[in-house]
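Biologist: I have a structure to go through with you. Shall we take the labels one by one?
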Amino acid sequence: MTSANLSAANPSSRPHAKARPLKPGAAKPAKERCSECGLCDTAYIHYVKDACAFLNQQISSLETKSHGRDRNLDDDDELYFGVQQQMVAARKLEPIEGAQWTGIVSTLAIEMLNRGLVEGVVCVQNTEDDRFQPMPVIARSPEDILAARVNKPTLSPNLSVLDQVERSGMKRVLVIGVGCQIQALRAVQDKIGLEKLYVLGMPCVDNVTRAGLQKFLDTTSRSPETVVAYEFMQDFQVHFKHEDGSEEKVPFFGLKTNKLKDVFAPSCMSCFDYTNSLADIVVGYMGAPFGWQWIVVRNETGAEMFDLLEGLIETQPVMSSGDRTQAVQNSIPAYDKGVTLPMWAAKLMGVVIERIGPKGLEYARFSIDSHFTRNYLYTRRNHPEKLAGHVPEFAKRIVGQYKLPEK
Ligand code: FAD
Ligand code: SF4
């Protein structure tokens, strides 16, 4: 019997078994920087000081634990996108209707369940009366997984089902999540009693509370109540999908930034794990041509997962063109004044971004540079004592390419 099995079989041997989750509404250990990842809603709160992404930044050591090594800071692709075996642009041959993009995430989860690789999938559905109110679940059927498709663009307590995972006795589980959730998960994964954990990550940036989301929709969309999904796209517009299938596009420079000034959650203003460093495989869109998804395979487990997509997706190599650096540099004074929307700021600074045209991986670097410099200045302004420890080395290097205003 492995040590993981042993601890699952004997609950009293688990130090966290007696820990009590916080009561709903209670202040979280990370206070205003809490991203509501869900860990503190479980007995795993016992490990919060070590595990919380906002209390203990440990990306480098968790990279080594998860991938066998940390990222090579001298390799530009790894510096930006993390430990990797492969990056590729992909899209489903038969897209899933109602998915955020073409549905690669849901497809991979369904394949893993159908082929018996996992017994359950941690993912997030929505509540019955609110399509954007996240409701984390352990999906045990393809229907459950499909019911979780499309982004709930709000902070989501995905890890709140960890106690249920442990109690269920499942031994092989897939967890789908964004960076802060996955950092905390990696820190406690040895305590859950699993034989195999698979992690499917998504990039994530600029998330909001449910109330913040409403404010964003109300001030930006022509019909907030019919929005079913939206995305900040590579063409520098927000694309809203509506219930009737119609699409609405709002240019970043048209956003009402005075009203949206404080809309992003403080956790996301101090996050440096945009590309989900610790997942086995990452599925997003930012490094791919418009309309395609972007896949980063980080380790052997991720490669095993990627192989399951054979015959279900078409692929093309990732590409990169344009030059982002001047646009990012020109935006920095605006971030220093507390402007929170990077793309909008770039536009405001008079940079004709379409002409400079960062495309593919260069667009992804543009977005990372913009968000990291903004978040670095935010952390320096609001939590100066945390700056040195909270900003990972790779982010310090990225931010270090730019001239920042004096303190
Ligand atoms: P689908 O098949 O539709 O599946 C979506 C999956 O997302 C579901 O399994 C569901 O469980 C999960 N999910 C939904 N909401 C949440 C949530 N709030 N937290 C955790 N998991 C959730 N990609 C980029 O390249 N750049 C970005 O800046 C970026 N920001 C994102 C911000 C958020 C909040 C989220 C959730 C995703 C973001 N992504 C980003 C990823 C991208 O938008 C797509 O989710 C991804 O490409 C998968 O698309 P799909 O069609 O394969 O997903
Ligand atoms: Fe707890 Fe997660 Fe909030 Fe950190 S981010 S305080 S681990 S709920």
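Biologist: Which residues of helix α9 (residues 210-220) are buried?

Modeller: Keep in mind that this is a predicted model. In α9, Gly-212, Leu-213, Phe-216, Leu-217, Thr-219 and Thr-220 are buried. Buried means under 20% relative accessible area.

Biologist: What makes helix α5 (residues 104-114) mostly covered?

Modeller: Count its buried residues. The total is 10 of 11, and each of those 10 falls under the 20% cut-off. Among them are Ile-104, Ser-106 and Glu-111. Just after α5, Gly-116 takes a positive phi of about 75°.

Biologist: How do you know that Ile-295 is in contact with Ile-104?

Modeller: Contact means heavy atoms within 4.5 Å. Ile-104 is on the contact list of Ile-295, which leaves aside neighbours within four places in sequence. That list also includes Met-87, Val-283 and Phe-306.

Biologist: Which residues touch the most other members of the largest nonpolar core?

Modeller: Leu-39, Leu-174 and Ile-295 do, in a core of 125 residues. Helix α16 (residues 361-382) gives the most to this core, with nine residues.

Biologist: What makes a residue one of those that surround ligand 2?

Modeller: One of its heavy atoms must lie within 4 Å of the ligand. Here 13 residues surround ligand 2, and the closest include Cys-34 and Ser-35. The shell divides into nine nonpolar, two polar and two charged residues. Cys counts as nonpolar. The space taken by ligand 2 is the second largest cavity.

Technical notes:
Residues numbered from 1 in each chain as written. Chains lettered and ligands numbered in written order. Predicted model: local features only at pLDDT ≥ 70, side-chain atom pairs only at ≥ 80, totals over all residues. Heavy atoms only, no water. 1 Å grid on protein atoms, 1.4 Å probe; cavity = no way out; pocket = protein on both sides within 12 Å on 5 of 7 lines; lining within 4 Å. Sits in = over half its atoms within 2 Å of the grid points. Core = buried A, V, L, I, M, F, W, Y, C linked by side-chain atoms within 4.5 Å. Buried < 20%, exposed > 50% of the residue type's maximum accessible area, 1.4 Å probe, protein only. Helix = DSSP H or I, 4+ residues; strand = E, 2+ residues; numbered from the N terminus.
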